[in-house]
Amino acid sequence: MINAVIDKLHYLIDTIPSKLLSMADETFKLKPETNKWSKQEIIGHLIDSAANNHQRFIRIQYENVPAIFYDQDKWNALNHYQLMDSVHVIYFWKIYNQHLLEVIKNIPDANLTKEGNTGGEKNVTLQWLIQDYIEHMEHHLKQVLNIG
């Protein structure tokens, strides 16, 4: 499973930035409604997801069931992604995920069954979190690229 996740993340890092960079800035920053995120803010949300999952991927390996959760709307608003240059947001998403790819590649198999809590009723394994991270990312990338 972990090798499939590594391959998928590598593929997304290699293919998505060029697709995002080819979008007109107006399209990328267009808010469908005042209370809805633009495509750029969705990529910002994925950066926030990377930041929070980065902590999870590391802390679960050495802490006893750490609880790490965040308010996605506040993170997005306070990072001001909508006001940033789109190229900055796209490359920040790329480089952060390149780093997480390296982190994931080097997690010992024995640590994949260690658990953490993301604010839900039950704890989840590190392996589950890594898989969920990729599925969550793919869901939002499909939104941004208007796929499926």
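Predicted model: local features only at pLDDT ≥ 70, side-chain atom pairs only at ≥ 80, totals over all residues.

A: A crossing of two helices is called left-handed if the near helix is turned anticlockwise from the far one by less than a right angle, and right-handed if it is turned clockwise.

Two packed helices are described by the angle between their axes and the distance between the axes. For H3, which runs over residues 39-62, and helix H4, made of residues 72-79, the angle is about 115° and the axes lie 9 Å apart. Angles of 65 to 115 degrees count as roughly perpendicular, and H3 and H4 are therefore roughly perpendicular to each other. In the sense defined above, H3 passes H4 in a right-handed crossing. On the H3 side the contact is made by Glu41, Gly44, His45, Asp48, Ala51 and Asn52, while Gln72, Trp75, Asn76 and Asn79 take part from H4. Sorted by kind, the residues of this contact of H3 with H4 divide into 2 nonpolar, 6 polar and 2 charged.

If residues up to four places away in sequence are not counted, histidine 45 touches Trp37, Tyr70, Gln72, Asn76, Tyr81, His136 and His140. Two of these, Gln72 and Asn76, are also named on the H4 side of the contact between H3 and H4.

The loop between H4 and H5 comes next, and two of its residues can be described. Histidine 80 lies in this loop, and its phi is positive, at about 55°, although this residue is not a glycine. As a background remark, most residues other than glycine have a negative phi. With a relative accessible area of 42%, histidine 80 is partly exposed. Methionine 84 is placed in the loop between H4 and H5 as well, and with a relative accessible area of 25% methionine 84 is partly exposed. Leaving aside neighbours within four places in sequence, methionine 84 is in contact with Lys29, Gln40, Asn79 and Val89.

The axes of H5 and H6 come within 12 Å and cross at roughly 155°. That makes H5 roughly antiparallel to H6, because angles over 145 degrees count as such. H5 passes H6 in a left-handed crossing. From H5, the residues Trp93, Asn97, Leu100 and Ile104 meet Ile130, Tyr133, Met137 and Leu141 of H6. The residues of this contact of H5 with H6 divide into 7 nonpolar, 1 polar and no charged.

Several of these residues lead to the interior. In soluble globular proteins, nonpolar side chains tend to be buried together. The largest nonpolar core here has 39 residues, of which Leu20, Ile43, Phe57, Trp93, Ile130, Met137 and Leu141 touch the most other members. At least two residues of this core are supplied by each of helix H1 (2-21), H3, helix H5 (86-105) and helix H6 (126-144).

At 0% relative accessibility, tryptophan 93 counts as buried. Not counting residues up to four places away in sequence, tryptophan 93 touches Leu12, Ile13, Ile16, Pro17, Ile43, Leu46, Ile47, Met137 and Leu141. Tryptophan 93 and leucine 46 are 47 residues apart in sequence, and their C-alpha atoms are 7.2 Å apart in space. Leucine 20, another of the core residues named above, is in contact with Phe28, Ile43, Ile90, Val144 and Leu145 when its neighbours within four places in sequence are left aside.

Finally, in the segment after H6, there is asparagine 146. Asparagine 146 is exposed, with a relative accessible area of 64%, and has a positive phi of about 55° although it is not a glycine.

How values were computed: Residues numbered from 1 in each chain as written. Heavy atoms only, no water. Helix = DSSP H or I, 4+ residues; strand = E, 2+ residues; numbered from the N terminus. Contact = heavy atoms within 4.5 Å. Core = buried A, V, L, I, M, F, W, Y, C linked by side-chain atoms within 4.5 Å. Buried < 20%, exposed > 50% of the residue type's maximum accessible area, 1.4 Å probe, protein only. Axes fitted to C-alpha atoms, helices over the stretch in contact; angles between N-to-C directions. Parallel < 35°, antiparallel > 145°, perpendicular 65-115°, else oblique. Nonpolar A, V, L, I, M, F, W, Y, C, P; charged D, E, K, R; others polar.
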